[in-house]
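Let's walk through this model together, one question at a time.

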Amino acid sequence: MLPYLDCPRTWGISRETVRPAWGCMNAFDGLGEDAFKSLLDRLHLTAISWTGFDHAMAEIADRLDPEDPGDQTLMNLLNGFRSQVAEQEGTGV
């Protein structure tokens with residue numbers, strides 16, 4: 001049986017008792033077991049610290065063209081996200 005991915009609204013409730021709500025659905029519906037196992041074989045998960053993530057976003061922001069409207073938008077988004085992360089306790093940023 002393939003795993004079931006719940007949306008946050010239904011965590012802790014089994015698939016049998018609740019139908020997916022608000023467009024949340026099993027991401028693996030229609031995917032055969034062999035295809036799912038192949039996907040897991042190719043999946044690589046890594047972890048990064050909040051500080052490392054902040055540095056990576058800063059590097060991206062440094063490469064943006066401040067005169068380009070699209071880059072300005074991305075820079076604003078990155079800086080806003082970075083400031084939100086920095087305000088959270090325990091991130092080390």
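Q: How many helices and strands are there in the protein chain?
A: This is a predicted model, where local features need pLDDT of at least 70, side-chain atom pairs count only at pLDDT 80 or more, and totals for chains, interfaces and linings use all residues. Residues are numbered from 1 along each chain as its sequence is written, and side-chain values use heavy atoms, without hydrogens and water. Helices (H or I, at least four residues) and strands (E, at least two) are DSSP runs, numbered from the N terminus. The protein chain has three helices and zero strands.

Q: Which residue caps the N-terminal end of H3?
A: Helix H3 covers residues 69–87. A side-chain oxygen lies 3.0 Å from the backbone nitrogen of Gly 70, and the residue that provides this cap is Asp 68.

Q: Is Thr 91 buried or exposed?
A: Thr 91 sits in the segment after H3. Leaving aside neighbours within four places in sequence, Thr 91 is in contact (heavy atoms within 4.5 Å) with Trp 50, Thr 51, Val 85 and Ala 86. Buried means under 20% relative accessible area, exposed over 50%, and partly exposed in between (1.4 Å probe, protein chains only). Because its relative accessibility is 12%, Thr 91 counts as buried.

Q: What is the relative accessible area of Leu 43?
A: Leu 43 belongs to the loop between helix H1 (33–42) and helix H2 (50–63). Leu 43 is partly exposed, and its relative accessible area is 45%.

Notes
The expected span of a helix is 1.5 Å times one less than its number of residues. A polar contact is a pair of N or O atoms within 3.5 Å; within protein, one must be able to donate a hydrogen and the other to accept it, and residues adjacent in sequence count only if both atoms are side-chain atoms.
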